[in-house]
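Open your viewer and load the model. We will go from the whole chain to one pair of elements.

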Amino acid sequence: MAERGVQIFARQAEQYYQRGVAAARGGQKAVAERLLRQAVRLNPRHEQAWLWLSGVLDDPADIAFCLRSVLDLNPASERARRGLTWLEQHNGRIDAHRSSLAVVTPPREQDQWWSAWRQAQTTWLWTIRALLLIPI
């Protein structure tokens with residue numbers, strides 16, 4: 001029974017991973033981050049999900065954690081090793097650059113469709129739940 005649960009989680013993780021990669025390629029970093037985080041939460045051994053997650057994060061400590069997770073899974077991963085080396089060499093410049101960009105920006109127009117869609121889905125789910133709770 002536990003094996004079936006693991007398979008279900010692995011399939012769900014793969015779906016989150018695919019959607020996360022599509023969001024990242026579409027320039028939707030925040031959406032990609034949420035999807036890829038869910039993928040590694042469901043399957044912490046998903047090497048590619050960790051790599052893609054490291055590519056959409058902003059915090060150098062989080063990026064390093066992801067890259068180290070990849071190296072724990074696959075010590076021969078050249079991409080993770082190069083990324084970690086680059087990060088360690090440029091960490092000071094990244095921190096200085098991030099602090100100068102600490103201005104809150106409104107959501108981009110291309111990200112607003114996602115928020116509207118999620119809100120519609122949430123409203124729909126709550127409506128269904130309410131209807132199911134009303135005794136007929």
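**Stop 1: the whole chain.** Keep in mind that this model is predicted. Select everything and switch to cartoon view. What does the secondary structure come to? Follow the chain along its sequence, and the pattern reads α-α-α-α-α-α.

Stop 2: The chain exposes about 9,900 Å². Carbon and sulfur atoms supply 58% of that area. What share of the 136 residues is buried? The figure is 29%.

**Stop 3: contacts along the chain.** Take the contacts between residues at least 6 apart in sequence. Of these, 46% join residues at least 24 apart.

**Stop 4: H2 and H3.** Select residues 29-42 for helix H2 and residues 47-56 for helix H3. Their axes come within 9 Å. They cross at roughly 150°. Angles over 145 degrees count as roughly antiparallel, so H2 is roughly antiparallel to H3. The crossing of the two helices, H2 and H3, is left-handed.

- On H2, pick Lys29, Ala32, Glu33, Leu36, Arg37, Ala39 and Val40.
- On H3, pick Ala49, Trp50, Trp52, Leu53 and Val56.

Finally, colour this set by class. The contact of H2 with H3 has 9 nonpolar residues and 3 charged ones. It has no polar residues.

Terms used:
Residues are numbered from 1 along each chain as its sequence is written. This is a predicted model: local features need pLDDT of at least 70, side-chain atom pairs count only at pLDDT 80 or more; totals for chains, interfaces and linings use all residues. Side-chain values use heavy atoms; hydrogens and water are left out. Axes are lines fitted to C-alpha atoms, for helices over the stretch in contact, and angles run from 0 to 180 degrees between N-to-C directions. Helices (H or I, at least four residues) and strands (E, at least two) are DSSP runs, numbered from the N terminus. Angles under 35 degrees count as roughly parallel, over 145 as roughly antiparallel, 65 to 115 as roughly perpendicular and the rest as oblique. A crossing is left-handed if the near helix is turned anticlockwise from the far one by less than a right angle, and right-handed if clockwise. Contact means heavy atoms within 4.5 Å. Ala, Val, Leu, Ile, Met, Phe, Trp, Tyr, Cys and Pro count as nonpolar, Asp, Glu, Lys and Arg as charged, and the others, Gly among them, as polar. Buried means under 20% relative accessible area, exposed over 50%, partly exposed in between (1.4 Å probe, protein chains only). Accessible areas come from the Shrake-Rupley method with a 1.4 Å probe; for residues, only the protein chains shown count as cover.
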